[in-house]
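Subject: Structure handover

Hello,

Here is the structure I promised to pass on. Please open it and keep it on screen while you read my notes below.

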Amino acid sequence: MSTAAAPVRSGAVLADLLPAARHRYAVDAALVVGGAALTGIAAQIAVPVPGSPVPVTGQTFAALLIGTALGARRGFLSLALYALVGMAGMPWFAEASSGWSMPSLGYVFGMLLAATVVGALARRGGDRSVLRTAGTMVLGSAIIYAIGVPYLALSTGMSLSAAVAAGLTPFLIGDALKAALAMGVLPTTWKLLGRRG
């Protein structure tokens, strides 16, 4: 049995390059579980933000990378697993938290949708060049905030402007750095693989 990766067809994502042969479902399941675990680990890289109930974490970056690398379906399943297991009590949300009552839970829901959207864009080449990757990451981040900030306002009783000040503005520089990292990593990975398809 050959272990060489199948040729990349148009619309492939990085995970499609893995050899699967007869074990596609097992490989997909491992990718989904691995993506959820990676997001949980990245969430523990957390820095509190003064005046905000939302810390700066690595989980948004992980969620966007998982979406682009796994594609929409596997990215959605991975982040859905992450969200469901965390809400059920696994302490792998930011700062080892879990459950339903966190004011930052809206960001988790936003990551689920964002991973799905950036995964769909990756199938259309959204991670193959620096500029396309930048657009994909900006859109993914915007989706996370579009759900996370209103949820923060509703769950804490903050006004929308206060929620923007506490749950969006302090994170913009970090998001720009995360997008820059993705802009370097994803297109470079495709280039190294020699598969610009």
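The largest pocket holds about 250 Å³. Its lining is made by 22 residues, and those closest to its centre are Val-54, Pro-55, Thr-57, Thr-60 and Phe-171. Find these five first. Several elements give two or more residues to this lining: strand 2 (56-57), helix 2, helix 4 (105-123), helix 5 (130-156) and helix 7 (172-193). By type, the lining of the largest pocket splits into 13 nonpolar, seven polar and two charged residues.

One caution before we go on. This is a predicted model. Please keep that in mind throughout.

Next comes the cavity. How many cavities of 30 Å³ or more does the structure hold? There is one. The volume of the largest cavity is about 50 Å³. Its lining consists of Thr-60, Phe-61, Leu-64, Met-137, Ser-141, Asp-175, Lys-178 and Ala-179. Helix 2, helix 5 and helix 7 each give two or more residues to that lining. Four of the lining residues are nonpolar, two are polar and two are charged. Look again at Thr-60: it lines the cavity, and it is also among the residues closest to the centre of the largest pocket.

Rolling a probe the size of a water molecule over the atoms shows where empty space is left.

Now the helix packing. Two packed helices are described by the angle between their axes and the distance between the axes.

Helix 1 with helix 3. Helix 1 covers residues 24-43 and helix 3 covers residues 72-87. Their axes lie 8 Å apart, at an angle of about 50°. The two helices are therefore oblique to each other. Their crossing is right-handed. On the helix 1 side, the contact includes Arg-24, Asp-28, Leu-31 and Val-32. On the helix 3 side, Arg-73, Arg-74, Leu-77 and Tyr-82 are among the partners. The residues of this contact comprise nine nonpolar, four polar and four charged.

Helix 1 with helix 2. Helix 2 spans residues 59-70, and its axis comes within 8 Å of the axis of helix 1. The axes cross at roughly 160°. Helix 1 and helix 2 are therefore roughly antiparallel to each other. This crossing is right-handed too.

Helix 3 with helix 4. Here the angle is about 170° and the axes are 7 Å apart. Helix 3 and helix 4 are therefore roughly antiparallel to each other. Helix 3 passes helix 4 in a right-handed crossing. Helix 3 brings residues including Ala-72, Phe-76, Leu-79, Ala-83 and Met-87 to the contact. Helix 4 brings Leu-105, Phe-109, Leu-112, Ala-115 and Arg-123, among others. In this contact, 14 residues are nonpolar, three are polar and two are charged.

Best wishes

Methods:
Residues are numbered from 1 along each chain as its sequence is written. This is a predicted model: local features need pLDDT of at least 70, side-chain atom pairs count only at pLDDT 80 or more; totals for chains, interfaces and linings use all residues. Side-chain values use heavy atoms; hydrogens and water are left out. Axes are lines fitted to C-alpha atoms, for helices over the stretch in contact, and angles run from 0 to 180 degrees between N-to-C directions. Helices (H or I, at least four residues) and strands (E, at least two) are DSSP runs, numbered from the N terminus. Angles under 35 degrees count as roughly parallel, over 145 as roughly antiparallel, 65 to 115 as roughly perpendicular and the rest as oblique. A crossing is left-handed if the near helix is turned anticlockwise from the far one by less than a right angle, and right-handed if clockwise. Contact means heavy atoms within 4.5 Å. Ala, Val, Leu, Ile, Met, Phe, Trp, Tyr, Cys and Pro count as nonpolar, Asp, Glu, Lys and Arg as charged, and the others, Gly among them, as polar. On a 1 Å grid over the protein atoms alone, a cavity is a set of points where a 1.4 Å probe fits but cannot get out, and a pocket is an open set with protein on both sides within 12 Å along at least five of seven lines; lining residues have an atom within 4 Å of a point. Grid points are joined across faces, edges and corners, and a volume is the space filled by probe spheres set on the points.
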